[in-house]
Amino acid sequence: MFDAAERTRQLASAPVLPLLVKLTIPVTVAQFVNALYSIVDRMYIGHMPGVGTEALAGIGLTFPIIMVISAFSCLPGMGGAPLASIAMGAGDMERAQKYLSNAVTLLLGVSLVLTVGCGLFLEPILIAFGADASTLPYAYDYLLIYLLGTVFVELAMGLNPFINTQGFTFIGTVTVVIGAVLNIVLDPLLIYTFDMGIRGAAVATVISQFVSAIWVVGFLCSKRSVLRIRLRLMRPVWEVLFSTCKLGVSPFIFRVNESIVAILLNRLLLWYGGAAGGLHIASMAILTSISQIFFMPLTGIITGAQPILSYNTGARNFPRIRETFHYARMLSIGCAVAMWAAMMLFPGGIARLFTSDPQLIDLTRVTMRLMFCTVLVLGMQMVNQNGFVAMGNTLYSFLFGIMRKLLVLIPVAFLLPYWLGVWGVYAAEAVSNLVTTVVTYVFFERYLRSLKEAWGA
């Protein structure tokens, strides 16, 4: 284990590509394992005898609420961690500690509000999101139990970026691996052996997130961590909280976008899908899970790059920033192309992982190819968009956080079905990928040129 001086020396001067790969691999593994929380649930639930398709549609309706809950962890986590790293790069450790400790305070407050607020209005919310008599019982049972573990979700997801931003990406990986492996073990045991059905999947998730939260809090209170949670610094400092939330609003909006889009797309699928609307909801649940898998390595790459970018932004080392982006783009584009090829060539095999319903498999063969036909360009878009967050640019990180989903996808999703019917709902995703990739690239290159001129690099 490197000490603090060695850790910061690496961020400042170690060869970029080996360092980026070293930081990216464990984070990517963590992203994959983290996605297994919901994906494994859907796999087991989709194969439940007799009710698998209805239960899968019900769990798909819970996705928007779960995304909102996880999105709130981005405010202190994805907002505070880059700022803490920038403060470390500038040599201000006291301020870096404040970002971490205030993040804990914010996460605890958010957890209380979300648990009470969602719990009081759970059934009306699910009905508004498209639940009907066949899917509401499954969605309600799962989400009611999931809400009890909100505080564990927030702490595990919101504090783990403070581990990764110090360069301890292996420790950050262990945070999610512990919980996800436990979830994989508990799911079949509780769902089938103890005959708890969909409730068992929710209980397994809550237990797993509890263990992850204990791990991450324990590490950030230990002497192994460069940044540590300090009780004396947990008292809210409004300037720290404001700057944290201001930067964190971009990844927050990105995840809330996913929730809003899921709600609207489900409604459009029910409207244009007619009698097959429920089947389309189940297909979209599968596609949402696949999307989570797709974004794992892309998110892992930019998360691995974030400590290097944030630290060297604080140090105003432009050549190192430019080099980091060059390698991050190469890795991200390569991963995106490989995953795009798999989805285009083997859609039926991928769908069978989630369901044994022949009708649902046949539908998903078509919807997967239509929805993800342009997804390979997101390798470039994800690096550029998240680069604004890593470098502390609040305005652009917010703008491009909402662009792909809110500003492009939603309007297109309302327009295309007039000509393409229900298939236009899926095609809207393909259109939004192309538009936002081009726009984000243009603005990002202009931003880098402005930094180079301002710093005299």
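What share of the contacts in the protein with a separation of 6 or more comes from residues 24 or more positions apart? The share is 83%. Contact here means heavy atoms within 4.5 Å.

## The model

This is a predicted model, in which local features need pLDDT of at least 70, side-chain atom pairs count only at pLDDT 80 or more, and totals for chains, interfaces and linings use all residues. Residues are numbered from 1 along each chain as its sequence is written, and side-chain values use heavy atoms, with hydrogens and water left out.

## Overall build

The protein has 19 helices and 0 strands. Helices (H or I, at least four residues) and strands (E, at least two) are DSSP runs, numbered from the N terminus. The C-alpha trace spans about 60 × 45 × 35 Å along its principal axes.

## Surface and charge

The protein exposes about 17,400 Å². Carbon and sulfur atoms supply 71% of that area. Accessible areas come from the Shrake-Rupley method with a 1.4 Å probe; for residues, only the protein chains shown count as cover.

There are 28 positive and 20 negative side chains. Lys and Arg count as positive, Asp and Glu as negative; His and the chain ends are not counted. The centres of the two sets lie 11 Å apart. Each charge is placed at NZ of Lys, CZ of Arg, CG of Asp or CD of Glu.

## Buried cores

Of the 457 residues, 59% count as buried. Buried means under 20% relative accessible area, exposed over 50%, and partly exposed in between (1.4 Å probe, protein chains only).

The largest nonpolar core has 99 residues. Such a core is a set of buried Ala, Val, Leu, Ile, Met, Phe, Trp, Tyr and Cys residues joined through side-chain atoms within 4.5 Å. I290, F294, M343 and F372 touch the most other members. Helix 12 (residues 277-314) gives the most to this core, with 17 residues. A second, separate core of 29 residues includes Y99, A103, I163 and A213.

Leaving out residues up to four places away in sequence, F294 touches A336, M339, M343, V375 and L378. T299 lies in helix 12 and is partly exposed, at 21% relative accessible area. T299 and M382 are 83 residues apart in sequence, but 7.6 Å apart in space, C-alpha to C-alpha.

S332 sits in helix 13 (residues 318-345). Is S332 buried or exposed? S332 is buried, with a relative accessible area of 0%. Beyond residues up to four places away in sequence, S332 touches L298, I301, G379 and V383.

## Around Y146

Y146 lies in helix 7 (residues 136-148). Y146 is buried, at 6% relative accessible area. Not counting residues up to four places away in sequence, Y146 touches I66, I69, V153, A202, T205 and V206.

## Two loop residues

Most residues other than glycine have a negative phi. D195 is not a glycine, yet has a positive phi of about 55°. D195 is in the loop between helix 9 (169-193) and helix 10 (198-220), and is exposed at 68%.

R316 also has a positive phi, near 55°. R316 is in the loop between helix 12 and helix 13. R316 counts as exposed, at 56% relative accessibility.
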